[in-house]
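Subject: Structure for your review

Dear colleague,

Please find the structure below, together with its sequence. My notes on what was found in it follow.

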Amino acid sequence: MTQPTPLLQVRDLRVNVGERTVLHSVSLDVQPGQLVVLMGANGSGKSTLGMALAGHPHYSVQGGQALLGGQDLLQLPAHERARAGLFLSFQSPPDVPGVKNNFFIRTALNAMHEARGQEPLDAFDFLASAKKAAKDLGLPEAMLARPVNEGFSGGERKRNELLQLSLLKPRLALLDEIDSGMDVDGVRAVVALVQKLRSEGTAFIVISHYLQMIEQLEPDAVLRLDQGCIAEAGDLELARSIARTGFARARAQAAEA
Amino acid sequence: MTSETVNLGAPDAQPVQQAPALEQALARPYQHGFVTDIESDSLPPGLDEDTIRAISRKKKEPQFLLDWRLAALKRWRAMELPDWARLKIAPIDFQALSYYSAPKSMKDRPKSLDEVDPKLLETYEKLGVPLHERAALAGVAVDAVFDSVSVGTTFRKQLADVGVIFCSFSHAVQNHPELVEKYLGTVVPQGDNFYAALNSAVFSDGSFVYIPKGVRCPMELSSYFRINAQNTGQFERTLIIAEEGSHVSYLEGCTAPQRDENQLHAAVVELIAHDDAFIKYSTVQNWYPGDENGRGGIYNFVTKRGLAAGKRSRIAWTQIETGSAITWKYPSVVLRGDESNGEFHSIAVSNHWQQADTGTKMIHLGKNTTSRIVSKGISAGHAQNSYRGLVRVNAGAEGARNHTQCDSLLIGPHCGAHTFPYVDTARADAVVEHEATTTRISEERLFYCEQRGIDAQEATALIVGGFCQAVLEELPMEFALEAKALLAVSLEGAVG
């Protein structure tokens, strides 16, 4: 076995939400620059995996392990997991009324700089790079001066997640249904940004039901989650067959095989 | 005195138990120093006509002012402590207070920053208070060659050139008695309320501003004030008069925490705006709020009112209230001039065991008068925060309009927010709108920030800053940043 140490190493992760066990046992490895697609019926535990890894207080880890670059994620408070390089794009990003987008992102970046003992960003340098990032994503510059997600449409919120992703440049990004609510151009922007960051070494876990986007993302692996366990692992073919026949059939076929 | 009676002489002192007299005398710090004449600098506790006469004599006041004070005392004696606010106030023994003490002599003050409570200095650091201001704020004895004095002199010259009078109230009494006599008590009458009557009887000092006709005051009356307003005493009196077509922005207080030996503060502020005049009055109140357990802290019982007397006159109050154990304060505008406008923008933060009952009154008398109220209340810890507002439209106020936005933010499970909006209108055509929201700092928002690498403490500050943005924007630019820092410091430890 000459596999390099994975960037993300999840072993036998078990997670409760309230009294209910949602993830029974999940194990997966993701290498730098790799992209893993996570599929599964509603309620199969996809979002729970992201929330648990990111440290949401409502998701309590009952057992197992999660290492990011060898660091034990589960021992860290949420903000330190983010500083360690974990980014979660929210399925329904909340708003932060009155706080300007560019200020929010700069605060986040500076928090990470500070954690690494680096100097805070110059406000003008930051604004220049933020404007460029917005332009690359096809977002109006005015979005930077608007309060975070306040009055944004669903699609705009998702694009705003992309903007943050592109500026924060994490080591591992978990995109939870980034495509939902997005128009065609938005989906194209997702693909372009993912390709760019991947070439720079960012690894991705992408939760999606949208085959066309999944195909364009050229995943290294496709996993099907079922009742809190990884039921099937495969490649694009698995995604295509799920898209064709649905999760119920996939479950039945897997049981037969 | 019951055992619950607050010792008003010194906020930090324990309530006096029945300790033997000798022990008491020994425990008391040596007060006299090398000042031999200390007796004549302060009056013994107690309040009667003789007290008033003594104060007036010490300040060498004209007869009209002595008479005015005596009349106020008479009214005050006939009044009862108000208890309608949603506040728990320990009984106050008004006869145990001393109503006059001259400013502390240089010898009694700390000699350098080394002698100042390190906790206080730490807070200055967090707030980014400039180094040269810290000493003055901490009450360190500073020489006359201190930077700010020369700055002050420059300011004074600039103001004098355009005819603006900006001085202490005592100075105005001596040098502009006709203005004081004409306007004093015209907006807040002596008998307005219990604390206003008390202030009218015993007020120590304060500020006086007069802006002549057509003059736009060449500077914010703030930077100057911030470093020079030491020891104005517990019964401040402020009077601002803006003549026709004039314009002034006045800023009171500062973000740095202020300590004071007097626990009770009962100030009165009166503003008068004539035709087309504009007065903007901003307050940052950060008096000592007491400790985490609710011990000590200032009682801040203030009456502030502006009279928009002239046509198209405008008065805008902006306040950031983070300090004091108890705040009881309703900056108001009486809209007498036709087409006059009143605004009230407020942020009130209460943490730990602080109590705030604050809001405004907009009294519409003139035609086509407009008013706007934006109130942001934030409670954390065990604090209670109430917005109390009155919008009154009188029979003659044709075409009056008001809009009120009143938002409360709760942090943690033990605090409370309360809203008491009163609307009293005598006209069917009045447009009075009220919007109110109460929210918590939601876990989802907090987690969103944390997921972006921002820790809970900073995330709270960020969310609170955003919540208050609409009011912060009303503050003078350089001050808005400091105020944001102040909000963060005030809520430290509220989350996480």
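Over which residues of chain B does pLDDT stay under 50, and how many contacts beyond four places in sequence does the model have for them? One such stretch is residues 1-40 of chain B, with 33 contacts of that kind. Another is residues 223-232 of chain B, where pLDDT also stays under 50 and the model has 15 contacts beyond four places in sequence. Please bear in mind that this is a predicted model.

Confidence and overall make-up

For the complex, the predictor gives an ipTM of 0.95 and a pTM of 0.78. The average pLDDT of chain B is 79, and 76% of its residues score at least 70. Chain B contains 13 helices and 18 strands. It has 496 residues, of which 47% count as buried. Of the contacts in chain B between residues at least 6 apart in sequence, 84% join residues at least 24 apart.

The contact between the chains

Chain A contributes 21 residues to the contact and chain B contributes 18. On the chain B side, the elements that give two or more residues are helix 11 (443-451) and helix 12 (456-472). By class, that side of chain B has seven charged, six nonpolar and five polar residues.

Local features of chain A

Strand 1 (residues 8-17) and strand 2 (residues 20-30) of chain A pair in the antiparallel sense, over seven bridges. Within this pair, Val15(A) stands opposite Leu23(A) of strand 2. The two strands form a hairpin with two residues between them, and Gly18(A) in the turn has a positive phi of about 65°.

Helix 4 of chain A (residues 123-136) has 14 residues and reaches 20 Å from its first C-alpha to its last, close to the 20 Å expected at 1.5 Å a residue. After helix 4 of chain A comes Gly138(A), with a positive phi near 70°.

Positive phi outside glycine

Two further residues deserve a note. Glu218(A) is not a glycine, yet its phi is positive, at about 50°. Glu218(A) lies in the loop between helix 8 (211-217) and strand 9 (221-226) of chain A. Glu218(A) is exposed, because it has 12 other C-beta atoms within 10 Å.

In chain B, Arg312(B) is likewise a residue other than glycine with a positive phi, near 55°. Its place is the loop between strand 8 (299-308) and strand 9 (314-321) of chain B. Arg312(B) has 18 C-beta neighbours inside 10 Å and therefore counts as partly exposed.

With kind regards

Definitions and conventions:
Residues numbered from 1 in each chain as written. Chains lettered and ligands numbered in written order. Predicted model: local features only at pLDDT ≥ 70, side-chain atom pairs only at ≥ 80, totals over all residues. Contact = placed C-beta atoms within 7 Å. Helix = DSSP H or I, 4+ residues; strand = E, 2+ residues; numbered from the N terminus. Nonpolar A, V, L, I, M, F, W, Y, C, P; charged D, E, K, R; others polar. Expected span 1.5 Å × (residues − 1). Pairing = 2+ DSSP bridges. pLDDT = per-residue confidence, 0-100. Buried ≥ 20, exposed ≤ 12 C-beta atoms within 10 Å, placed from the backbone.
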